[in-house]
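Reader: Can we walk through this one before I set anything up? Show me the model and then I'll ask.

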Amino acid sequence: MADEVILLDFWPSPFGMRVRIALAEKGIKYEYKEEDLRNKSPLLLQMNPVHKKIPVLIHNGKPIAESLIAVQYIDEVWNDKSPLLPSDPYQRSQARFWADFVDKKMYEVGRNLWTKKGEEQEAAKKEFIEAIKLLEQELGDKTYFGGDKLGFVDVALIPFYTWFKGYETFGNINVEKESPKFIAWAKRCIQIESVSKSLPDQDKVYDFIVQIRKRIGIE
Amino acid sequence: MADEVILLDFWPSPFGMRIRIALAEKGIKYEYKDEDLKNKSPLLLQMNPVHKQIPVLVHNGKPIAESLIAVQYIDEVWNDKSPLLPSDSYGRAHARFWADYVDKKIHEVGLKLWRTNRGEEQEAGKKEFIEVLKLLEQELGDKPYFGGDKLGYVDIAFIPFYTWFKAYETFGNLNIEKECPKILSWAKRCIKIESVSKSLPDQDKVYDFIVEMRKNLGIE
């Protein structure tokens, strides 16, 4: 019986992008369903009644919510190719730690860069750069966080690169200047097909951010 | 070569308690080090330089931070007894989802109950806390434990917060047994298990600790 895989998603969501990349890495055919977050589908509300959020992966009718949980699920079920997590338990725990760090730092802090002003924005700037530098340090001389190949932390982090034009413009920062190694890593990732075909264009995301700022009334 | 296992912890931390329970379930001998969070040890700062927080599990000199990550690590390394996560992938995803739910909701919302003064924020916190418990109650259903017949990952993620219930109830002005009796009976079932009871501090001790904290923070 063929697998039925559906992804409930929203095109600019970095969390959705993670699941897209994982599915692409494993060569899994799936149906992509774009949600209107101001008019959520009955399917979304049924599949994620607890949080009512995207992304939700649906595998043969069974939902898996929370992007990192879905990526781990994909890695475990389709374990015949492109392993995303290391096989060694300690390495796995470290990959989970850094993906969790990305979860804690990138979205919220990044969001403050393009929604806040004044002191709050300055604090967000500082925190964002600190987070990038810590990640740069963790990357070290490796090609990817996963070593020679794309791994769990790369998948967790690379989607936020599509938001960088927004972060830099409204947050008044220059990530390449602060951390050239980080940008070099990002550019390496987007050369990988499973990544490039899963991520929207930075300019498209930027326009989306401009739209939201207008809508929530930020100058 | 014998394993060297150290746990850097702080006795009232529900996150630390999770790791204590997991280690006890697996019968792992370890050295418990209580940290003074106002004067963190060089070992803690070295082992968790990113967050500088407890708990940190140190296994043969290698640190694992973040309680749920440490519990999963323990389950994977000491995989000969007492499995904490289900063996099937969907079951595992489901368990991770609910542990993540506990992580997102219980501690944060609980803070609104005891770390704020009476007023709107606390009232909103009360309402949200009960909603969260009711959802967990629904997820538990008729099972003795979230893990089914035996203590599992979600039970371990959640039961430590039971030691904070007296504080949540007193300062948040709510009655958890009345609102969510099934959660209370689940909790009482859990604390009968030796690995749980010997890992958790007394509710009264935790309550006194929170009274002190509120004094220090100047909360009426």
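This is a predicted model: local features need pLDDT of at least 70, side-chain atom pairs count only at pLDDT 80 or more; totals for chains, interfaces and linings use all residues.

Reader: Start with chain A. Which domains is it divided into?

Author: Chain A has domain 1, covering 5-77, and domain 2, covering 89-216. Their C-alpha centres are 21 Å apart.

Reader: How many residues are in contact between domain 1 and domain 2 of chain A?

Author: Domain 1 of chain A puts in 15 residues, and domain 2 of chain A puts in 26. Between them the two domains bury about 1800 Å², with 72% of that on carbon and sulfur atoms.

Reader: Which elements give two or more residues to the domain 1 side?

Author: Helix 1 (14-25) and helix 3 (67-77) of chain A. Helix 1 of chain A has the largest share, with 8 residues.

Reader: Now the chain interface. How many residues does the contact take from chain A and from chain B?

Author: Chain A gives 25 residues and chain B gives 24. The two chains bury about 2200 Å² between them, and 67% of this is on carbon and sulfur atoms.

Reader: Why quote an area at all?

Author: Because the size of an interface is often given as the accessible area lost when the parts come together.

Reader: Fine. What is the count of salt bridges between chain A and chain B?

Author: The count is 6. Lys104(A) and Glu66(B) meet in a salt bridge through their side chains, at 3.0 Å from N to O. The rule also finds 9 residue pairs in polar contact across the interface of chain A and chain B, with both residues at pLDDT 80 or more.

Reader: Which element of chain A gives the most to the side that touches chain B?

Author: Strand 4 (62-65), helix 3 and helix 4 (89-115) of chain A each supply at least two residues there. Helix 4 of chain A gives the most, with 11 residues.

Reader: Switching to chain B. What order do the strands of the open sheet have?

Author: The order is 2-1-3-4, over 4 strands with mixed pairing. Strand 2 (31-34) and strand 4 (62-65) of chain B are the edge strands, each pairing on one side only. From one strand to the next the twist averages 20°.

Reader: Do strands 1 and 2 of chain B pair in the parallel or the antiparallel sense?

Author: Parallel: strand 1 (residues 5-9) and strand 2 of chain B pair over 4 bridges. Ile6(B) stands opposite Glu31(B) in strand 2 of chain B.

Reader: Last topic, backbone. Where is the peptide bond cis in chain A?

Author: From Ile54(A) to Pro55(A), with omega near 0°. Pro55(A) sits in the loop between helix 2 (42-47) and strand 3 (56-59) of chain A. In chain B, the bond from Ile54(B) to Pro55(B) is cis, with omega near -5°.

Reader: What is phi of Ser82(A)?

Author: Near 40°, a positive value in a residue other than glycine. Ser82(A) is in the loop between helix 3 and helix 4 of chain A. Most residues other than glycine have a negative phi, and most peptide bonds are trans.

Terms used. Residues are numbered from 1 along each chain as its sequence is written. Chains are lettered from A and ligands numbered from 1 in the order in which they are written. Side-chain values use heavy atoms; hydrogens and water are left out. Two strands pair if DSSP finds at least two bridges between them. Axes are lines fitted to C-alpha atoms, for helices over the stretch in contact, and angles run from 0 to 180 degrees between N-to-C directions. Domain bounds come from an automatic or database domain assignment. Contact means heavy atoms within 4.5 Å. Buried area is the accessible area (1.4 Å probe) that two parts lose on being put together, summed over both. A salt bridge is a side-chain nitrogen of Lys or Arg within 4 Å of a carboxyl oxygen of Asp or Glu. A polar contact is a pair of N or O atoms within 3.5 Å; within protein, one must be able to donate a hydrogen and the other to accept it, and residues adjacent in sequence count only if both atoms are side-chain atoms.
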